[in-house]
Amino acid sequence: MTASGEPVAAAHSFGPTAARLLGLLRPFRLHVLGAVGATCAFAGLNVAAPKYLGDATDLVVDGVVQGSLDQSLGTLLAVVAGMYVLASLFNWIQGALTARAVQGLMFRLRASVEDKLHRLPSTYFRERSRGDVLSRATNDIDNIAQALNQVLTQLIVSVLMLFGSLAMMLWISPLLAAIAVATVPVSTWITVLVARRSQEHFARQWKETGDLNAHVEEFISGHEVVKAFGWQEQAAQVFGQSNAQLARAARKAQFSAGVVQPLMVLMSNLNYIAVAVVGALQIISGSMTIGGVQAFIQFSRLFTQPVGQIGGLLSVMQSCAASAARVFALLDAGEDPREPAVPAQAGPVAGPIVFEGVTYRYPGSVPAVRDLTFTVEPGQAVAIVGHTGAGKSTVVNLLMRFLEPSSGRISIGGQDISSVPRDLLRSQFGVVPQDAWLFAGTIRENIAYGLPDASDPAVVAAAEATHADRFIRSLPHGYGTMLENGGEPLSQGQRQLITIARAQLAGRSVLVLDEATSSVDSRTELLIRQAMQRLRNGRTSFIIAHRLSTVRNADLILVMDHGRIVEQGTHESLLAANSYYATLYSAQFAARDGRAGVLEGGL
């Protein structure tokens with residue numbers, strides 16, 4: 001099975017995949033028709049030229065015998081030269097038109113993949129490695145482009161040359177034509193046999209390419225962790241195993257594809273020997289002229305060469321179909337149901353947020369959350385606490401419709417959110433993720449990500465409110481500092497401050513703070529908590545936290561354990577109940593006091 005759950009051995013059906021891929025060329029049919037016309041002209045000129053060369057050879061032979069050359073010889077040679085010049089021109093036209101059609105198709109295919117990635121549910125990316133998805137969106141599409149350029153350029157030429165040269169051979173000598181054609185059934189049988197076997201190998205090759213990319217992406221993203229734990233050797237072993245699997249798959253695919261060409265050359269040479277011997281006998285008997293045999297030999301080469309090329313192109317087509325099947329599998333993956341466009345006059349979704357008996361189950365697993373029931377009034381700060389894996393992030397994902405409840409109902413202001421378009425619903429949320437996500441661009445562009453038209457004073461005000469302005473101004477280029485590789489050269493804590501400033505500037509009515517202070521020191525945490533207190537004024541806030549010190553002032557604390565809400569209330573009421581929350585709180589602060597004692601003793 002592939003990483004995406006698809007069978008490797010029968011990862012694609014060549015016919016339907018090829019038909020679907022060629023169907024995508026329909027918008028570029030004028031370019032394709034022009035390329036076909038230029039190809040026909042190119043093939044016709046190349047097929048006709050050997051006959052004129054044969055006639056020229058006969059004129060030379062007759063001139064040698066008679067002691068004088070016919071004056072028409074020069075004209076004949078000039079015609080042949082002109083035919084080859086025109087053939088080269090048509091070949092260039094064909095290549096240019098084919099390139100425009102193929103690159104136009106690739107542009108649309110990449111755009112379709114990009115659009116699809118935005119419509120895929122979050123569960124799709126949880127079930128697949130990012131490297132494999134990236135490989136489908138890059139490597140496989142590049143392979144399709146290269147293969148289509150080669151196939152559309154050579155396949156039509158090969159077919160036309162094959163039938164054109166066959167017609168000319170039959171015209172010159174049916175006997176020699178029968179000898180030349182005798183090798184075709186054997187060549188066809190070899191080509192079909194190899195193509196069937198190579199299909200599986202090419203599917204495996206591109207699957208292994210995706211897996212290797214996944215490993216590389218993982219090692220690059222976590223290179224500091226790999227080095228910190230001295231895991232370089234083990235990482236190299238994992239890479240080596242994946243690389244070896246790819247090498248084996250590629251070797252089998254290329255070997256099966258490479259078998260065709262040598263066998264075709266062998267059949268061509270045997271054909272050449274037979275034609276040369278019988279042709280010589282025809283000349284001796286007077287049935288054919290030297291020029292006729294010379295032209296026929298050229299036509300036999302033109303006939304056998306396309307047979308070998310078509311055999312090689314079949315392997316290229318198998319590789320192309322394997323990549324196309326992977327891309328189509330991505331495009332056909334289940335996605336969030338399409339929703340009507342949000343009306344321009346659509347108002348915000350507001351009011352109490354109510355969970356009523358909400359359960360969510362990941363496919364093939366136990367429920368992540370069960371029977372969640374609680375109410376959040378507008379402007380309240382709600383903290384969700386519990387051990388890792390308790391289901392805290394799942395609650396927010398359900399609220400933002402990244403996940404859909406298996407049962408139960410979620411409403412805002414009495415309106416079921418399943419009836420609210422996702423874009424409209426999510427436009428109400430400002431999110432500060434646990435892992436600070438920054439894209440390549442300036443600090444100003446990152447802060448204004450949720451409000452691209454924000455003025456510079458507004459961006460600065462958001463940074464000041466979250467205590468990011470000071471360190472930003474200390475940078476050589478200030479707000480114009482370029483960030484790369486997820487936020488370099490900023491520290492992890494500084495990156496988190498930027499994401500908080502981004503949420504501040506966006507001014508959404510609901511805030512989601514997913515461990516927003518997890519990557520900052522205690523002093524910065526205090527400053528952020530003060531800023532968040534101001535930020536939460538008039539807004540509903542969901543705070544996912546492990547550090548219980550950050551949730552003391554929350555209006556409602558939901559305590560989760562194994563997907564259930566085991567307690568809910570304020571900080572004081574939960575401590576007074578002396579139950580699960582009180583145990584978590586006591587254990588956390590006892591551990592903190594213990595660490596402080598160790599540090600004090602050490603000092």
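Angles between axes under 35 degrees count as roughly parallel, over 145 as roughly antiparallel, 65 to 115 as roughly perpendicular, and the rest as oblique. In this predicted model, local features need pLDDT of at least 70 and side-chain atom pairs count only at pLDDT 80 or more, while totals for chains, interfaces and linings use all residues. Residues are numbered from 1 along each chain as its sequence is written, and side-chain values use heavy atoms, leaving out hydrogens and water.

Now look at helix α16 (residues 456-465) and helix α18 (residues 492-506): their axes come within 8 Å and cross at roughly 125°. That's why α16 and α18 are oblique to each other. Where they meet, α16 brings A458, V459, A462, A463 and A465, and α18 brings A501, Q504 and L505. Sort the residues of this contact and you get 7 nonpolar, 1 polar and no charged.

## Two residues with positive phi

R401 isn't glycine, yet its phi is positive, near 60°. You'll find R401 in the loop between α13 (392-399) and β4 (407-412). R401 counts as buried (under 20% relative accessible area, with exposed over 50% and partly exposed in between, using a 1.4 Å probe and protein chains only) because its relative accessibility is 5%.

N578, also not glycine, has a positive phi near 55°, and sits in the loop between α20 (571-577) and α21 (580-602). At 63% relative accessibility, N578 counts as exposed.

Technical notes. Axes fitted to C-alpha atoms, helices over the stretch in contact; angles between N-to-C directions. Helix = DSSP H or I, 4+ residues; strand = E, 2+ residues; numbered from the N terminus. Contact = heavy atoms within 4.5 Å. Nonpolar A, V, L, I, M, F, W, Y, C, P; charged D, E, K, R; others polar.
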